[in-house]
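Please read these notes with the sequence and the model side by side. They cover a sheet, a pocket and some ring pairs, in that order.

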Amino acid sequence: MLSRAFPEQGIPDAKLDFDYLVYALGSHLPQPIDLWAKEGSAIYGGTKSEGVDWMKRAQTRIEQAPSVLVVGGGALGIQYATDIATAYPDKPVTLLHSRDRLLPRFDERMHTKIRSAMSDLGINVILGDRVDLSSITAAGGQEQKVRTLSGREIQAGLVLLCTGQQPNTELFRDMLPSSLINDGPKKGLLRVNRALQVQTEQDGDLTVPYPHIFAVGDTADAFGAINAGHNAARQGDLAANNILRLIRQAESQTSVQGVQKDSTCELESYSPGPPGIKVTVGLTRAVYQRNGNVGDKHDDPLDGNAAYMWKNFGHQEPVGEEDMYA
């Protein structure tokens with residue numbers, strides 16, 4: 001069931017029937033960096049203008065904050081802290097991370113280069129400690145002392161929680177609850193097999209109750225694949241190929257005369273590639289890991305090549321600054 005009908009897309013009512021489904025609803029971030037979180041009476045409706053307004057409000061909060069604490073040393077936390085320190089070099093910025101190393105799933109040289117960039121920007125980095133969430137009491141913009149579990153106190157006017165994404169898998173809690181992982185670091189992810197079909201777990205046994213339902217991207221426990229767009233795209237391609245194989249199998253099982261044939265197909269198997277990432281460490285600097293190589297970039301464009309994505313999705317005309325807000 002959809003929130004509404006889309007007659008202009010050939011969907012005359014809010015009920016949408018399907019033969020195959022690829023579940024790719026991604027994940028969301030914690031507040032105060034969750035675009036979909038309710039702000040007062042405002043509810044985000046998914047439009048571009050609303051997204052631009054949200055970004056402007058977030059910029060204002062950061063600009064007005066006397067100091068900033070970023071909690072979490074993943075890619076988002078690193079980029080937030082270094083962007084803020086670059087844009088506001090006189091604003092105290094602290095990054096708090098529970099691990100002893102930034103980006104622990106990547107080469108240690110990534111950690112070293114990022115720490116070096118943060119040192120150049122004057123960012124106070126605290127590793128191996130966790131924030132005491134109960135100590136965060138004041139509204140954004142008001143100076144407060146935030147405690148860590150070790151008892152350390154950090155002065156912060158704005159706290160940005162970059163503590164990891166939460167998968168958007170709520171639709172499966174009622175429909176197929178045994179398909180969800182219920183505890184540990186993978187909590188909320190959907191169990192999938194190597195063909196990326198959703199599977200359930202019962203007393204340690206894994207089964208695929210609905211072979212026509214697939215999950216990809218941030219929603220799936222995809223054998224160690226990091227949450228990244230290139231991984232989601234590859235998983236989507238594989239799921240689409242497997243759906244085509246299932247369709248062909250179903251067609252070949254019945255001959256023209258209606259006689260059933262014994263026909264099976266082997267589905268493609270997913271294995272994640274080597275970890276790869278590009279992380280900005282300031283507005284024009286970045287570090288990257290690709291195919292085992294670790295390097296730096298010092299000439300990244302301020303807009304992150306946003307216009308390239310327009311062309312990548314079929315927009316052939318030159319993209320101007322005004323188009324970014326239209």
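1. Two strands count as paired if DSSP finds at least two bridges between them. Strand β14, residues 286-290, is joined to β15 by five bridges, and the two run antiparallel. One place to look is A286, which stands opposite K297 in β15. Bear in mind throughout that this is a predicted model.

2. How do strands of a sheet pair? They do so through backbone hydrogen bonds, in either a parallel or an antiparallel way.

3. The sheet that holds β14 and β15 is an open one of three strands, and its order is β13-β14-β15. The pairing is antiparallel. Which are the edge strands? They are β13 (277-280) and β15 (293-297), and each of these pairs on one side only. From one strand to the next, the twist averages 15°.

4. Now turn to the second largest pocket. Its space comes to about 580 Å³. The lining is made of 15 residues. Those that lie nearest the centre of the pocket are M1, L2, F18, L21 and L171. Two elements give two or more residues to this lining, namely β1 (21-23) and α4 (171-175).

5. The model has two aromatic pairs by the ring-distance rule used here. In one of them, the ring centres of Y23 and F172 are 4.8 Å apart and the ring planes stand at 90°. Planes over 60 degrees apart count as edge-to-face, so the pair of Y23 and F172 is edge-to-face.

6. Where do the two partners sit in the fold? Y23 is in strand β1 and F172 is in helix α4, so their pair ties together parts that are 149 residues apart in sequence. Are Y23 and F172 buried or exposed? Both are buried.

7. W36 and Y44 also form an aromatic pair. Their rings are 4.5 Å centre to centre, with 70° between the planes, and this pair too is edge-to-face.

8. Buried means under 20% relative accessible area, and exposed means over 50%. W36 has a relative accessible area of 55%, so W36 is exposed. Y44 has a relative accessible area of 16%, so Y44 is buried.

Terms used: Residues numbered from 1 in each chain as written. Predicted model: local features only at pLDDT ≥ 70, side-chain atom pairs only at ≥ 80, totals over all residues. Heavy atoms only, no water. Helix = DSSP H or I, 4+ residues; strand = E, 2+ residues; numbered from the N terminus. Axes fitted to C-alpha atoms, helices over the stretch in contact; angles between N-to-C directions. 1 Å grid on protein atoms, 1.4 Å probe; cavity = no way out; pocket = protein on both sides within 12 Å on 5 of 7 lines; lining within 4 Å. Points joined across faces, edges and corners; volume = space filled by probe spheres on them. Phe/Tyr/Trp six-rings, centres within 6.5 Å; stacked < 30°, edge-to-face > 60°. Buried < 20%, exposed > 50% of the residue type's maximum accessible area, 1.4 Å probe, protein only.
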